Amino acid sequence: MTEGKKRAVVLLSGGLDSSTVLGMATRDGYACTALSFRYGQRHTVELERAATVAAHFGAVHRVIDINIGSFGGSALTDESMTVPTDGTEDGVIPPTYVPGRNTVFIAVGLSLAEAIDAERVFLGINAVDYSGYPDCRPEYLSAYQTLADLATKAGLEGRGAVLTAPLAEMTKADIVREALAVGVPVGVTWSCYQGGEEPCGVCDSCRIRDRALIEAGRPDLATRYAQARLA
């Protein structure tokens, strides 16, 4: 960790959003520790990509094993469930929601932040172009901040880490533009719900990402399936 610089923990999945947040935090002068989780997800491609992105920005990278996926209840952890490919419905939480995932991850992030005296915990959550997850809403984050201030020694002393979600109100296309502005290697990031050699191009996450890349003027970074549809 660079001496004299303000410190931050960045929850890094290896996807576009969290990678953009790491780039923003680095740009803003934070010495970042990127925190990723092996939580029982279907594949670990995203963790490989997270390591590459962390190295790109010169961040310390830590991977924590916490297998909440063993509980089941999500298409991202239970291979007996089908990953949806037909889009999301307003007001319906999709089967890709992982029960309690952000709540667990943020708790670990706050623990690390207090241990290393970090000022902020940066999160890639987004409440605009998101999949309807309840733990991506501004009111969720506000309530969690209250808990963090009550539950930590640093919080009681008035120096607790601030939960910071700079993408919360941005559209996905604007996130793409921000990613490019802060130097994220967008082609390295992995948002697909499936594993494999390349993104599937049909899951909800791929579709949202492809649409944003095209809207932001970078169809060359979209999946080959999206490019084929444009041809």
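**Helix 6 and its neighbours**

Author: Lys172, Ala173, Val176 and Arg177 of helix 6 meet Ile208, Ala212, Leu213 and Glu215 of helix 7, where contact means heavy atoms within 4.5 Å. Sorted by class, this contact of helix 6 with helix 7 comprises five nonpolar, no polar and three charged residues; Ala, Val, Leu, Ile, Met, Phe, Trp, Tyr, Cys and Pro count as nonpolar, Asp, Glu, Lys and Arg as charged, and the others, Gly among them, as polar.

The model is a predicted one, in which local features need pLDDT of at least 70 and side-chain atom pairs count only at pLDDT 80 or more, whereas totals for chains, interfaces and linings use all residues. Residues are numbered from 1 along each chain as its sequence is written, and side-chain values use heavy atoms, with hydrogens and water left out. Helices (H or I, at least four residues) and strands (E, at least two) are DSSP runs, numbered from the N terminus.

The axes of helix 6 and helix 7 (residues 204–215) come within 8 Å and cross at roughly 65°. That makes helix 6 roughly perpendicular to helix 7. Axes are lines fitted to C-alpha atoms, for helices over the stretch in contact, and angles run from 0 to 180 degrees between N-to-C directions. Angles under 35 degrees count as roughly parallel, over 145 as roughly antiparallel, 65 to 115 as roughly perpendicular and the rest as oblique. The crossing of helix 6 with helix 7 is right-handed; a crossing is left-handed if the near helix is turned anticlockwise from the far one by less than a right angle, and right-handed if clockwise.

Helix 6 (residues 172–181) also packs against helix 1 (residues 16–27), at an angle of about 45° and with the axes 9 Å apart. That makes helix 1 oblique to helix 6. This crossing is left-handed. Helix 1 contributes Leu16, Asp17, Thr20, Met24 and Arg27 to the contact, and helix 6 contributes Lys172, Ile175, Val176, Glu178 and Ala179. By class, the contact of helix 1 with helix 6 has five nonpolar, one polar and four charged residues.

Asp17 forms a salt bridge with Lys172, their closest N and O atoms being 2.9 Å apart. Asp17 belongs to helix 1 and Lys172 to helix 6, so the pair ties together parts that are 155 residues apart in sequence. A salt bridge is a side-chain nitrogen of Lys or Arg within 4 Å of a carboxyl oxygen of Asp or Glu. A search of the whole structure finds eleven salt bridges.

Five strands form an open sheet in the order 3-2-1-4-5, with parallel pairing; two strands pair if DSSP finds at least two bridges between them. Its edge strands, each pairing on one side only, are strand 3 (60–65) and strand 5 (162–164). From one strand to the next the twist averages 25°. Strand 1 (residues 7–11) and strand 2 (residues 31–38) run parallel and are joined by five bridges. Arg7 stands opposite Ala31 in strand 2.

Asp117 is found in the loop between helix 3 (101–116) and strand 4 (120–122). Although Asp117 is not a glycine, its phi is positive, at about 60°.
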